[in-house]
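Please work through the following exercises on aromatic rings with the model at hand. Each task is followed by a solution in steps.

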Amino acid sequence: MKRTLPSEVEARAKSYGASGAEWLAGLPALLEKLEMQWKIQIGTAIPGGTHAYVALAERQDGSQCIVKIDMPEDDGGVGFQRECAALRLAQGRGYASLYAYGPEHRSYLFERLGKPLKALDYPAGKQLEVLCQTLKESWTVPMDEAKSALCDGRESIRWFRDFISEGWRLLQRPSSEKVIERAMDFLEAREAALRPAEWVLVHGDAHSLNLLQDPARPGSFKFVDPDGLYYEKAYDLGVLMREWQEEYRENAAKAGAARCEMLHQLTGVEPAGIWQWGYLQTVSTAFVLLQIGSEKLGKRMLETAERWLAVRQTD
């Protein structure tokens, strides 16, 4: 069976050089192997992803599912392991149910969900409500010894500290030095606030494209593509602070403070952590966007961070 590969997936794989070319060459045979191993029929590839091959599939009982095969990344498979650990822990609570996985070729089989929240044209406020409602459900996932396979708060803080300081240098100082100083201050604050007894399963990138309708429960949603974090709830809410940048165009400080308060009211999470992680997510995401050539949005996020310097929420 000839399979069409989304152009963005092919381009991303080729950017990896020899390892990407090898992955592309072996993909048809791997798909046939998975069809036999998991007793499924793999259908049309789904466009939109850039780090994995994703396709519709059907099991022998007629139930619909999704096949995902990660590209060869330079992390030794750590990202795959953490995503699988998160999905296994969740067991369908707030997350797509994981049916099978193959560590040797970084493949997953999980339930097929509906449209992403972003495709439903809800206003930003409504999307925030839905996202927070699902996050609160996902935060109740019982944690057991499997949590050791996840990234924890200390590791996350170290990553942000290294990435932001190094990114600022490599990008030839795309923001004022004050933006970086504030980011380091906030990382120190989050380090001082480490309370492992309160940590939960955190998605890590809980935006409206990663939240899909749950066909089994009309009006409900489930997350996909978790980063696999075991950390404080404020981290997830920081991602929501960085979204909908158009709302920050006129008065970023006022609009940011209002959204922070809204997230606090929706979840009960203390505002300082939400604000600090929102700032850190905004700066780090801006650097990622600039690195991959998305300069317009990257620069807009840095402008937001500059304007947020007028707001102090460190307590």
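The exercises below treat ring pairs, the surroundings of one tryptophan, and charges over rings.

This is a predicted model, in which local features need pLDDT of at least 70 and side-chain atom pairs count only at pLDDT 80 or more, while totals for chains, interfaces and linings use all residues. Residues are numbered from 1 along each chain as its sequence is written, and side-chain values use heavy atoms, with hydrogens and water left out.

**Exercise 1.** Classify the ring pair of Trp159 and Phe160.

*Solution.* A pair of aromatic rings is described by the distance of the centres and the angle of the planes. Rings of Phe, Tyr and Trp (its six-membered ring) pair if their centres lie within 6.5 Å; planes under 30 degrees apart count as stacked, over 60 as edge-to-face and the rest as tilted. The structure holds 14 such aromatic pairs. For Trp159 and Phe160 the centres are 5.0 Å apart and the planes stand at 80°, so this pair is edge-to-face.

**Exercise 2.** Determine whether Trp159 and Phe160 are buried, partly exposed or exposed.

*Solution.* Buried means under 20% relative accessible area, exposed over 50%, and partly exposed in between (1.4 Å probe, protein chains only). Trp159, with 45%, is partly exposed. Phe160, with 3%, is buried.

**Exercise 3.** Describe the pair of Trp199 and Tyr230 and its place in the chain.

*Solution.* First, the ring centres of Trp199 and Tyr230 are 5.6 Å apart and the planes are at 85°, so the pair is edge-to-face. Next, the pair links distant parts of the chain, 31 residues apart: Trp199 is in the loop between helix H6 (177–192) and strand E7 (200–202), and Tyr230 is in strand E10 (residues 229–231). Helices (H or I, at least four residues) and strands (E, at least two) are DSSP runs, numbered from the N terminus. Finally, Trp199 counts as buried at 7% relative accessibility, and Tyr230 also counts as buried, at 12%.

**Exercise 4.** Which residues does Trp199 touch, leaving out those up to four places away in sequence?

*Solution.* Contact means heavy atoms within 4.5 Å. On this basis Trp199 touches Asp152, Gly153, Arg154, Leu194, Tyr230, Tyr231 and Glu232.

**Exercise 5.** Over which rings do Arg59 and Lys68 lie?

*Solution.* A charge sits over a ring if NZ of Lys or CZ of Arg is within 6 Å of the ring centre and within 35 degrees of the ring normal. The charged end of Arg59 sits over the ring of Tyr99, 3.9 Å from its centre. Lys68 lies over the face of Tyr108, 5.0 Å from the ring centre.
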